[in-house]
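Please walk through the following structure chain by chain.

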Amino acid sequence: MTSVNPKMKVGTSMVHNRGETFVWHSLRNITLAAGLLLILFPMWLVLINCFKSLEEASQSFFALPQSVNLDNVRELLQSQNYFRYVGNSLLVTCVSMAVVAVFIPLVSYAIARNMHRGYYRFLYVYIMLGLFIPSQIILLPIVKQMSSLKMLNSWGLILLYITFSLTRGVFLFVNYIRALPIEIEEAAQIDGCTVVQTYFRIVLHLIKPMISTLVIMDVLWYWNDFQLPLFLLNRSRDMWTLPLFQYNFKTEYSFDYPMAFTAYIISLLPVLVVYCCCQKYIISGLTAGAVKS
Amino acid sequence: MKKVLAMVLALCMVLTASMAMAEKVEFFQQKMEEGPQRAYAEVLARFHAENPDIEIEINTIPDAGTVLMQRISTGDIPPIFSDYPTQTQFKGKVNNGYIECLEGNEFLSRVNPGMIELGKHYDGQTYALPLSQNYMAIFYNIDIFEQVGIEGTPKTWEELIAVCDKLVAAGVVPFSFGDKDAGRVGHCFQALSQATYPGVVDYVVSVVNGEATVADNADAFRKIGERMLKLHEYALPDYMGTADTVMWENFATGKAAMCITGSYARGTILISNPDLNLGAFPIPGDVYDESPLLTGIDAALCISAEATEEQKAVGLKFLEFISRPENAQLWSDIDGAPSCLLGTTYSDPRVAPVIEKAATGVVCDWFGSKVTTQVTTELYQVVQGLLLDGDLDAYIEGLDEAIEAAAL
Amino acid sequence: MHKKVLNRDRASFFVITLPALLLYSFFYIYSVVLGFYYSMTDWDGLSRKFNFVWLENYGKILKNKAFFNSVTVTFRYAILMVVFTIVIGVLLAVALNSVKRFKTFFKSVFFFPAMISSVAVALIWDQVFIRALPNLAPLFGVANIASPLGNKQLALYAVLFVNLWQSLAMPTVIFIAGMQSIPDELYESAVIDGASMFDQFRFVTLPYLVPTITVNAILTLKGGITSFDYAKALTGGGPARSTMLIGIKIYIDAFGDTPKFSIANTESVLLFLVIALLSIVQLTISSRSGVNKA
């Protein structure tokens, strides 16, 4: 029905209508401006209010702070184990990511290049099942299992992230690798390369864009996840990751909202720094992989 | 010389050994509010000073009730934890043998016998040490009442309405409500319904058991609904979008004269405005002597039946410690709720109307002591719906449907 | 020799997949199977003993009004979410793609929400609804703007809005990527033929985006149906059940004060069936239409 034929529709004038371009540009600019406002305004409110005392905030919620008052930040950093939580989040995110970035493309490579064999076809479908399963169904059994394995800690969490990353990762990579030409790999193998050598010398370079996509998507997930850490890391505050620390403020400082805002801002800080430095790579990294999927 | 050296060595060994032995014992504490967190921390500091070889670590986590339930069902029960012994959910935990029986411990005799009675399990035994009491009341701004010229506190529904009218005439908004969370609506409903119709919980139980329907007794429930609506006529605007903290803040800063809430909010209200002249009186029904005060056990401590013997011993030691009058007093002063322990005094005379009422024994417990949480949650949703649309017929119908839906 | 190499390679491939197979079976599939199993028991999550009751729970749930209320709410939510994600996502992608100046700036701002955790997003918007809206009222010349979260009709849309605020970024990036793969010649010849901006969009951009739209639609639909965190943090399912998404209902049934774990699992299994069915339908439909480049 919607087959592509640009010649099908023939306009009335050959020259591009200036009025139309103008309307289109203004519409576009209004849309973008509105979006910008919608995204930045709440962040702006949070930011300015974290420099205010509770009194000042309730008197003038929208005004700029009278002075850059860092009392809230200081109090938070003193009273709470902020750096510990950052450390925990870093540990979980980095270790999971390192394993996933190596492990998933390799597994996908094995599957993609052996799809004609029954075992690999089964494995693919088996892992793809996860696409349909709502997370709620496994929550309690998995926590029960981790508890009996005495793995209710950061390492248990890392193991689960690695496992749960399989479905999306394999889904993205298998299709991507299958679209790559197989001839170079065959040539390498004739030259005596083993599977692993072929992978690291040849395939790895071809799938780099996809790896960056996977890394970004999964890092965002690990870093921001709340549910699994809540259920796995609840035995002591020392094990908390940043999202638990954030959520904590919903009740603990329910009144002192400038304080809560400060907590949000300082827990966003690490992500913010990374994003500001690498936003170009992050967005282009995501785009690179997304085209093929 | 050698002897001394040997003794020093031996002492060192004993010390290091005992330090290695001193494993942290977890105390899972369910209240996230600042008051109780500080109260437990202070008492624990004293405890550690007296028992330097024991280390108890307080663990407070968001969504504590959910996390505790998950930990119990996965077999990872905290050795010491706080819970609510009058609720059916707690009784479920006891029935399944997860909680250590506390009978035979000397410290139970330090507890107000009425509270022990209230907290007993079906088998007549005590499984949790009651620490503090809670109550639902109308908190009021004494200064505003005095300015408007209201003397004493209203004891019946008519008097309450007269007070509201007087406040309105003086240009004061009588009530601050925060009905965004169904749970807060529910607490108000629980208190008002029992004050209005003292037999309401038993009737709900009979509906749950399929022996009756709310529709059979529509007049009584309609009256409760009408009163919920009536009070909201006197409220600050946008009460449906108002969260509990904002409700307390509005009341604390004098935007409204009264606020129906639980004793748990007292500390938070005072943090928001430490100068507030805060009083409280029971929620009135038709006749003062017949309308009960909603009160229950707020914080209670218990020990896991699956903890190791050492952990249990530490737990009992801590329970004994916190139940000593001087420590209980300290705890209650910081937390802000009346203590369940004998030998403590509740210092605030402005809450006298509530304490007097409690002393008459005309009291009732939370719905949760007789029906499951599913039923109460479903009921809350219906009452919240009533506040939204004011449709009393739909509300009566909804109550029956809700109880049926909860029976899953 | 060649045969030997082949055997060696086969072995390496197998060894590579082994950890994945084991981890996945042990930590994922095992739990799923257990979940299915519990859905056929009467285990409340607390008791030490329970009975196998076959399909009794399924019968109970299919007669339960509260469950169907949640199903209705969830479907309304998920469908709106798909529609808004596709429409706004495509429009944003077109707009962002055609901007010449500040392109990087715009892109990074629009992608920013994806960086924040859903918990933080929900908590921030909760505060904005409570604190900022009443303060904005004078601007519009009204006495007060009520928080939409307290309104039975609006609460679901408010939650959806916050959800979209964060989740739009990813699909938009995918759309932008999809548009970059459209050959420029098509636009050039369209311009020569005098096609208007809208015609170019309608006859060139859109058909090429169909596969991307499908991917986004499937992912968003699943996200919408299982959505949980935003409503949990913003409304907890209220007011008066108006935002009681199935995800929240399952959570409350499984982990609430009086847990009914087997019931929660039955609800999850039903949810699984629905998602699987919808995905299959969606895949079948989309494989029949659009430009299939793969």
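In β7(B), which residue is the bridge partner of D83(B)? The partner is A300(B). This is a predicted model, in which local features need pLDDT of at least 70 and side-chain atom pairs count only at pLDDT 80 or more, while totals for chains, interfaces and linings use all residues. Residues are numbered from 1 along each chain as its sequence is written, and chains are lettered from A and ligands numbered from 1 in the order in which they are written.

D83(B) belongs to strand β3 of chain B, residues 80-83. Strands (E, at least two residues) and helices (H or I, at least four) are DSSP runs, numbered from the N terminus. Two strands pair if DSSP finds at least two bridges between them. Strand β3(B) is joined by 4 bridges to strand β7 of chain B (residues 293-303), and the two run antiparallel. With strand β1 of chain B (residues 24-28), β3(B) pairs in the parallel sense over 2 bridges; here F81(B) in β3(B) has F28(B) opposite. Both faces of β3(B) are covered: I80(B) and S82(B) on one side, and F81(B) and D83(B) on the other, are all buried. A residue is buried if 20 or more other C-beta atoms lie within 10 Å of its own, exposed if 12 or fewer, and partly exposed in between, with C-beta atoms placed from the backbone.

Chain A has 13 helices and 0 strands. Of its 293 residues, 41% are buried. Two residues are in contact if their C-beta atoms, placed from the backbone, lie within 7 Å. Among contacts in chain A between residues at least 6 apart in sequence, 74% join residues at least 24 apart.

Y264(A) leads from chain A to chain C: leaving out residues up to four places away in sequence, Y264(A) touches V46(A) and Q246(A), and also A120(C), L123(C) and I124(C). In the largest nonpolar core, which has 279 residues, Y264(A) and F139(B) touch the most other members. Such a core is a set of buried Ala, Val, Leu, Ile, Met, Phe, Trp, Tyr and Cys residues joined through C-beta atoms within 7 Å.

Between chains A and C, 75 residues of chain A are in contact with 85 residues of chain C. The chain A side divides into 49 nonpolar, 20 polar and 6 charged residues. Ala, Val, Leu, Ile, Met, Phe, Trp, Tyr, Cys and Pro count as nonpolar, Asp, Glu, Lys and Arg as charged, and the others, Gly among them, as polar.

Between chains C and B, 29 residues of chain C are in contact with 32 residues of chain B. On the chain C side, the elements giving two or more residues are α3 (65-98) and α12 (261-288) of chain C. That side has 11 nonpolar, 11 polar and 7 charged residues.
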